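Please keep the sequence and the 3D view at hand while reading.

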Amino acid sequence: MSKYEYIPEPALVKGNHDFASITKLVTDVNLRPTPRNWYLAMLPANALLGLLLVSIGYLIWEGTGVWGLNNPVGWGWAIINFVWWVGIGHAGTLISAILFLFRQDWRTAINRFAEAMTIFAVMCAGVFPAIHVGRIWVIYWVFPVPNQMAMWPNFNSPLLWDVFAVSTYFTVSLLFWYVGLVPDLATLRDKATDKIRKVAYGLFALGWTGSSRAWWNYEKAYMILAGLATPLVLSVHTIVSFDFAVSMIPGWHTTIFPPYFVAGAIFSGFAMVLTLMIVARKIYGMKDIMTDDHMEKMNIIIMVTGSMVGFAYMMEFFIAWYSGVEYEKAIFMLRATGPYAWAYWIMMFCNVISPQVFWFKKLRRSVGFTFFISIVVNIGMWFERFVITVTSLSTDYLPSSWDYYSPTAWDVLTYVGTFGLFFTMFLLFLRFLPMIAIAEVKLVMPQGDPHNYDDETQEYHPHVEEVPQPKAVKA
Amino acid sequence: MAQIFPKWTNQVPRLILVGLIVTVNVVILGVWYFFSPEYTDVGYAPEQPVPYSHQIHVDKLGLDCQYCHTSVWDSKQANIPPTQTCMNCHNQIKTDSEKLAPIRESWETGKAVEWVRVHNLADYAYFNHAAHVNVGVGCESCHGRIDKMEVVYQAEPLSMSWCLDCHREPEKYLRPVEEVTTMGYEVEDQLTIGAELVRKNNVSPPQYCQGCHY
Amino acid sequence: MSELTQKTYWKSLNELAQNKEYEKFVEREFPENATELSDGFSRKGFLRVMGASIALAGFAACRRPVQKILPYSKQPEDIVPGIPLFYASAMPFQGNLTGLVVENHEGRPTKVEGNDLHPASGGNTNAYHQASILEMYDPDRSKYPVRNGAKSSTADFHSFVADYFADTNKRVAFISEANSSPTYNGLKEEALNRFDNAEWVTYEPFGEDNSIEGNNIAFGRRVRTHYNFTNADIIVSLDDDFLAPTHPNNVEYAKQVTSRRKVTSQQDTMNRIYSVENGFTITGSYADHRMRVKASEMADFANALAATLSSRISGLNSFSSVNNKFTGSEFITVLADDLASNSGRSAVSLGFDYAPEVHAVVAAINSALDNYGTAINLLQVPHFDNQNNKTAFANLVSSISDGNFDAVVMIGANPALTAPADLNFTQALSGADEVFHLSTYNDETAKTASWHVARSHYLEAWGDGYSFGGARAVIQPQIQPLHDSLSEIEFLGAITNAGKVSGYDMVRETFSSFYSRNFENRWLDILHDGIDVTNGFSTVNRSARNVSPAPSTAINEIEVVIKPDNSVYDGRFANLGWLQELPDPITKITWDNVALLSPATAESLGIGTEDYLGKAKQPVLNIAVNGTPIKLAAWVQPGHADDSITVHTGYGREGIGRVADVSSESSQLFDPETTSGGVNVYPIRTSSSMLFAQAGVSVTGEKYSIACVQDHHSLEGRDMYRQATLAKYKEKADYASFESIHKYAVPGMKEAAELGEDQPISLFNEQTAVEGEPQWGMAIDLNACFGCGVCIIACQSENNIPVIGKREVERGRELHWIRNDRYYMGDKENPQAVHQPVPCMHCELAPCEQVCPVAATTHSDDGMNQMTYNRCIGTRYCANNCPFKVRRFNFFNYPKEYLTSGEDPDIIQMAMNPEVTVRFRGVMEKCTYCVQRVNREKISAKIETGSPKPADGTVQTACQQACPADAIYFGDLTDENSEVTKMKRNERNYLMLEELNVRPRTSYIAKLTNPNPALVKETNEEYAH
């Protein structure tokens, strides 16, 4: 018998699907009448959204003092949540843009979904820099607008870079997402039976005809945007990390921050995608498209990025010791043993230890387990932001100024509220937009391959893999 | 398949694009113009308890600014004159004028005349008259041709950029200290004279924040 | 909007001012600053509207608020609107005057400074003087006389006393607080002559009575001990905290003591200070040697010291037999040697409240060392009563309760709160049928009086008096009384002459009696200089009689020691937010009093002493003195004597005012849950335990949260604070330089040297000093600073810093622009406590400036780090990036809370400095080097000389001007000969966190200690409380 055995790449779409069934599977979700459960989910989401609005209102009415901030610690949960959400917002564009450029076909199953998540996450992130300032009514001063004071913003300030970085990222992601949506919107338009849907989808389908010219433009646009988005994936969190790295507080003033923040961002982003995907595919029966193979691939990415983050942690410690700067040394000792040690070790466990289990194939492919870890990872990443932001400030140079920071109810409520915003948007997305890039998925199906179509017989022959017969080897 | 949209809708995207550009610009220009002190403050001429006419007193009668606004050389404030000052003349002249009733009343009761403030600098800005007049910034430069004003109004925007215009290029506006109170001061080679004055009085107007804000 | 802005300030004042005098005054002197304040209003109003609705902001900005300008009707000669005037006056405290100069803006006093012509001030002040301005404007002050609980008027009071005291056979008991006023004491004589059956007692809860009695034992005369520490090489303080504001002469003493520790070259010498005490006092923290001794054992210690000395010098033979736990101890032997070898050039002092017998012993020691005439003077004080006032008071109270008096007249004192508990003072008063009481607040005593009369503040009324050292001065009012009130002399005058006499006439009359010829001119000089004669008291030259050892009072179990509080004293300052929020110099606690005890004692009581950051609550102790318990939160105080607990008076008052009250209405500033005026400890202070008593101490289950502004007390081995012994300095002058501490050069210096630069290389653009502009800098002499904290209050007063309340301090949001860090160093049980004032460093390469997104904090041409409030959007990034953590944030609308709460907010607004912006919610603020003063001087210099560089010394920051130790130097660094440049050239000068290369403009002059070689132990290992 043969020494070699050929194992073909697992099919990206499981089950016996053809184009029609795929289209049906995805579009039905949007076209059928709204299920009761959707409303049941929307209810708590809206409640939380309301909570967000209330806590912001109260904050603006009373002043920043309603949060737990104090003298050494000028940045608390607001900034932590900002960085955390932005981090989560990384997976989408990474999956759609970078994996696209690398021709990773498996991305098609999840990119639409991940991009949506990205956009909503960035929205949540955007809330915080806006509301954390003391006088939100003059926040427009950060924009370079001509004014009677003849004053410009200070372009040295990383916070200002943030303003531009995040808004650019958001705009490009949104465009990228929308362009990808156009063909599918057209599909929905055509499948829609009632006038309203027809018009609504029609409007956004931009009169898509499916002509080869349309496709040609589409491909180009998509490619260009992918090219634009790719550097942004790296730049955004790099610049967010500058907020800390450019300052001179021990534990912040570190050159390792940009790569380490980006790795962390991808890490948390993928975790969040998994969390949502596992739930969504169950509810909407998309197991055939979002398969366990996808899950496994993402788990591997999580494991890798998790290890990168872990490496960064150790590097920080080493450099702190190696630099010989006493304040640098002190802050890292304090993180591990000081008043905030509890937070530090939670972070260590969630981010470094927990992903290591994915070395085991069995666990990589276990749905329940993956779901659990994905949550753990997101908790861990939140604590990473916490440890970085708070510990450095609360125990910096002058021991006399050291103080302990603890959040108030309003800190917590505001954070919880952003989930309201996130899930409200996400539910709307699931309900009204195709959660899977129909056109793209079709492309990666065997049927999408023109070589499988017999022009004469007008028939479709499933592709048969030619297994090369090796020559027998003499003993 | 039936068309959902009529043909003309093909134009819509272009129209939206153009419309957007236009409106954005209109808004920006609108704010730029209508929200500026130039528009909101210049020309502010409130009615005063006593219809005091600078035109008559300065232009016709030729009173010097300092006759009334005495502290301008020593203090940050150019004081509104005490009732006393008015009475110096008006216990002789127009002693029974209706318009002067409030002045006489104030003189008798000792209660202040409630003048309405015209030149009101933006909040948080500290302005010092002495510092300016002593290096030859003319009254006129900020208050306009008071001598031509029947009712005093705000002649200049008094906005930060307006202040900076002079703080950046004092030579354009300075005049000899003796000429400070002169109205309608004009010289053809202002720049050379100005530059000379800047050197002579060693004028270096602060352009840093706490020159005015503290 | 318009409602906010048109409400002109003096109108609303009118509403509150009933009396004619005041109305006239308001119209005459106030109008001009109507502009100032209505301005202030519009600012706040304007911003508040914006705060309320963002949508509105744009349009709200368009329409200007209408403002009125109210010129004088008849302008006073000397007032030029916009130019502040300075008048001399003096503040009485425990009857001793300190000369002051008061800044007035259009007739409104806004700030007090020291009067350098006045010996008790020498140009400086203490926290009480600084805060007195707030006391005058305190909205909770008593505003009118009260007759049996009903509102009355001074007019009614006058008519009442006129006929009530017409009968001179009335049996009248006078209880007066200490008062050195010659006018007042003249009236006292009159009173005693007029009423045949009158008795007079001077009552001060913490007065110098015992030391006077001690001198009476030693010298047979009731005389005052007045030190001249300038002539003392060796100073021994036996629990005498003469550097603390609680001492009536602390400013003069502080100047004397620190003047002997100003070291500028290796040739200079220093005095040596020994401190023997149970708690940690300011003096103790400034001493070179500190020994922990229970208060109850101080008598033994004094005897032992005398005994040890007796073998070395003559005159103490009566002690040679003494033998107790202290005799032969190393400390006392070394101390005795040091004293004996410095006789005539040393001074031993003892805390006022110790028994007369102990004071006698100390007098004997000083006499034997013949320090009298050199380092110490005995002063014949004319106004001392010829009796032991403590006993006299006790007798008087009992005979009042026996009904031997018709009327009790109390001037100023508040015995209902402060009198020894066992005297039951309040019940005693029921023995009299009329009780008259003059006081600033409607306090505990006032509530028991049938006639309470509001007392005029010293800035409101004429008065006079002597300083502790005998300098005679006039108290010159700066403003007409804000309320319907009387001064002490007006009050007493009304009773004695039974008629209304103006304070001015009385004072003038008194002083005219001092001068036979051309009094007129003299009078003007006195008023102008704020000082008449400096030697009002004659000195007595006597040597002590044969004094016998003081009886031992040792307590073997736990003792509780009752001391006046550094912030609120005996309670009289309890309603002054500034002082309540002033961190205690040693514990750094605000708003509360605690039970201080040593780590060991805490251990034995089972209270943890572990170090933590954060808001852990303190265990509450139950302290019982013969049956009477009080509950007080425990606080572990390193360096405290074991088996000894120190508590402070003045807290836990009720019904005085919003600040002092234990229970207050809910607001940002006064939150019912956390606000607390502390605990009243007077219940355990009895005639037998005026200073200390044996106490039963138990730990209750309860916890109580304390607002402490410093959570961590160890330097963690860091180099922010640098010090060495004088000896070390003499062998290594630059002991404090970065290199000599770290053994390597400042990072970046080598590279700079290669480039030929003298500053470490930097990524950022160098700040270039602008030609012709001054360059401001500050140097703080850690060797002079003893940590009293007057700089904090002076800054608060000058810069309109609001009081934020206990809850906010607890959350770590203190707003003080200059803080005073205190670190413990060395041995855990008996550490050294060091003080380090930290204002904004005004870095040349300021990290804060780089990170502000809207350029709200930038650098000025004269080298200051500017904070532009109206540009700030409040990201707090600058504060995060400040390595010195000196930036402060307005988390709430503190000024609104502070300036507009209470029934008539306008009064407190009058205390604001019109030259400084009132900051709004959501903006960052910090030390500005008092830029308003700098700019004022720069402008006048420019006008006068044509150059914007004021002469050295013309610009003083508020903290610098107030500091009695002259520890702060400020000036132009471009001037080679300015004081500050000289100090910065000194080899002890060092920069905090120099390695960060932010180039602070504020530097420190390293500390020096002068320990006795015989006692030096190397105990410099770090220790974290």
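## A salt bridge between chains A and C

The side chains of C:Lys885 and A:Asp396 meet in a salt bridge, with 2.9 Å from N to O; the term stands for a side-chain nitrogen of Lys or Arg within 4 Å of a carboxyl oxygen of Asp or Glu. Across the interface of chain A and chain C, the rule finds 1 salt bridge.

The model is predicted, so that local features need pLDDT of at least 70 and side-chain atom pairs count only at pLDDT 80 or more, while totals for chains, interfaces and linings use all residues. Residues are numbered from 1 along each chain as its sequence is written, chains are lettered from A and ligands numbered from 1 in the order in which they are written, and side-chain values use heavy atoms, with hydrogens and water left out.

## The interface of chains A and C

Chain A brings 59 residues to this contact and chain C brings 65, where contact means heavy atoms within 4.5 Å. The area buried between the two chains is about 5,100 Å², of which carbon and sulfur atoms give 56%; buried area is the accessible area (1.4 Å probe) that two parts lose on being put together, summed over both. In chain A, the residues that lose the most area to chain C are A:Asn71, A:Arg135 and A:Trp137, together 16% of what that side buries.

Between chain A and chain C there are 34 residue pairs in polar contact, both residues at pLDDT 80 or more. A polar contact is a pair of N or O atoms within 3.5 Å; within protein, one must be able to donate a hydrogen and the other to accept it, and residues adjacent in sequence count only if both atoms are side-chain atoms.

## The interface of chains A and B

Here 12 residues of chain A are in contact with 9 residues of chain B.

## A sheet in chain C

In chain C, 3 strands form an open sheet in the order β9-β14-β20, with antiparallel pairing. Strands are DSSP runs (E, at least two residues), numbered from the N terminus, and two of them pair if DSSP finds at least two bridges between them. The edge strands, β9 (224–227) and β20 (538–540) of chain C, each pair on one side only.

β9(C) pairs with β14 (residues 376–380) of chain C over 4 bridges, and C:Thr225 stands opposite C:Leu378 in β14(C).
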